[in-house]
Amino acid sequence: MNQPIAIGIVLRRGCVLVGLRAREPWAGCAEFPGGKLLPGETVEAAVQREVLEECGIAVRVDGLHERTRWDAGSRRLEIHFLLCRLADERDADRVRAPFRWIPVGELDALRFPPANSAALERLRTSAG
């Protein structure tokens, strides 16, 4: 059975919201905000909830960016990367650490978990 995961690619003025994983697996890697869906929750609602919980900001979902299936040991993840934007532009400076705005062109300097590779590649090509 696939475990659905909702990930927010929050874009603003050529930058994307990126954090640093504090916990295993992949501690020390860069990450986009997101997480598991709650029972009965849509991927859109899950990404809005997760971004609010992790970053302290509300977002609007613009659509699906990428969907990836990933084997994570005993679990198979179905990761939905959703393009998002701020619900209120005034919240741009209210993002909670460890998340911060990173220029899309600087994403190559960061190490992300391998499950992010297709979404990152698509983000790089669409921004370039």
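H80 is in contact (heavy atoms within 4.5 Å) with I5, A6, I7, V43, L64, E66 and R67, leaving aside residues up to four places away in sequence. The model is predicted: local features need pLDDT of at least 70, side-chain atom pairs count only at pLDDT 80 or more, and totals for chains, interfaces and linings use all residues. Residues are numbered from 1 along each chain as its sequence is written, and side-chain values use heavy atoms, without hydrogens and water.

**H80**
- H80 sits in strand β6, residues 75–86; strands are DSSP runs of E with at least two residues, and helices are runs of H or I with at least four, numbered from the N terminus.
- H80 has a relative accessible area of 9%, so it counts as buried (under 20%, with a 1.4 Å probe and protein chains only).

**Lining of the largest pocket**
- A pocket is an open set of 1 Å grid points where a 1.4 Å probe fits, with protein on both sides within 12 Å along at least five of seven lines; lining residues have an atom within 4 Å of a point.
- The lining has 26 residues, and I5, I7, R21, E31 and L77 lie nearest the centre of the pocket.
- β6 gives the largest share of this lining, 4 residues.

Conventions:
Buried means under 20% relative accessible area, exposed over 50%, partly exposed in between (1.4 Å probe, protein chains only).
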